[in-house]
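Hi,

Here is the structure I promised to pass on. My notes on it follow below.

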Amino acid sequence: MDADVWNEQVAQGYDESSAHMYVPAVLDPAVDFLERRAGTYQVLEFAVGTGRVAVPLSARGIRVAGVEKSEPMAQELAKKLGGDDVSVTIGDMTTTQVPGEFSLVYLVYNAITCLLTQKEQVACFRNAARHLRPGGRFVSEVFVPDLQRLPPGETARPFHVGDRHVGFDTYDLVNQRLVSHHYTIVEGQGSTFLSPHRYVWPSELDLMAQLAGMELSERWADWNEAPFTASSRSHISVWQKPLDSASN
C-alpha cells in the first residue's frame, strides 16, 4: 500500500468524494454490526483513514484505536468532532503493533485490497490475529470481483454512478489486480483519483485466516446480514480466534 496515493490533496477531499458512504443507510448498519461484535474490550481498525466508521463507533462508548499509514488521512480524522477519542498509530497494517488486547479488529470499504500482494494480505491477517484476545473476531468488508460481468475482451466495470461522483474499475486478470478510477465534482471543480488494488476471493481470504490461526464464523452479503449467495457483489466476513489460541 503506497502512502503517496493517500496524500494531502486526496485526504482533504476524501470525505466529499466518498459522501455516498456516509449516508445513514450505508454507514449505520456497519456501525451497528461492529458494535454488536465489539465485546467489552477495545477494538482496532486497520486503515482507519479519516474515521468514517471509527468516530461514530467511538461515539457509542466503545474504545476504538486505529492504524493508518497515511499521516494526512489521520490528520483529517483528528480534526473531526470526536476524533480525539480515537487513538491512531501511524504505520503499516501488516506489521504495526498497537499496545493492548482487542476483542475486535476490523477493515472496511475493501481496505484489505489496498495491499497489493498476497504476501502482504497474509501478513495483515497474521497481524490482526496477534492483536486479538482469545475468542476475538476479525471482520472485513470486501467486494466480490465482478469478473462474471466482464464481456469477452473488456476490462472495465462501473461501481458507482452519482451526481457528484463516478467510479469504475479496470481489471488486470493475469495479475489479479485492478485500478479504481474516481471522478468527482465539488463546487463545479472536477478531480480524479486512481487507487490500485489486489482483488481477492472469499475462499482465498479463508485460507489466509487459517494460516493466521483463525476460522470463519460468519459471512454475509452486507452489513444488514443479508445471506451471502453466488450473486452477491460483496461480503462481510468474520473470522474468530479460538478461545484456547496463543498469540501468533
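How many bridges join strand β7 to strand β8? Eight do, linking residues 165-172 of β7 to residues 177-186 of β8, and the two strands run antiparallel. Within this pair, Phe168 stands opposite His181 in β8.

Before the rest, some ground rules. This is a predicted model, in which local features need pLDDT of at least 70 and side-chain atom pairs count only at pLDDT 80 or more, while totals for chains, interfaces and linings use all residues. Residues are numbered from 1 along each chain as its sequence is written, and side-chain values use heavy atoms, leaving out hydrogens and water.

Strands (DSSP E runs of at least two residues) and helices (H or I, at least four) are numbered from the N terminus; two strands pair if DSSP finds at least two bridges between them. An open sheet of four strands has the order β6-β7-β8-β9, with antiparallel pairing. Its edge strands, β6 (156-161) and β9 (189-198), each pair on one side only.

Leaving aside residues up to four places away in sequence, Phe46 touches Val67, Met93 and His131, among others (contact is heavy atoms within 4.5 Å).

Best wishes
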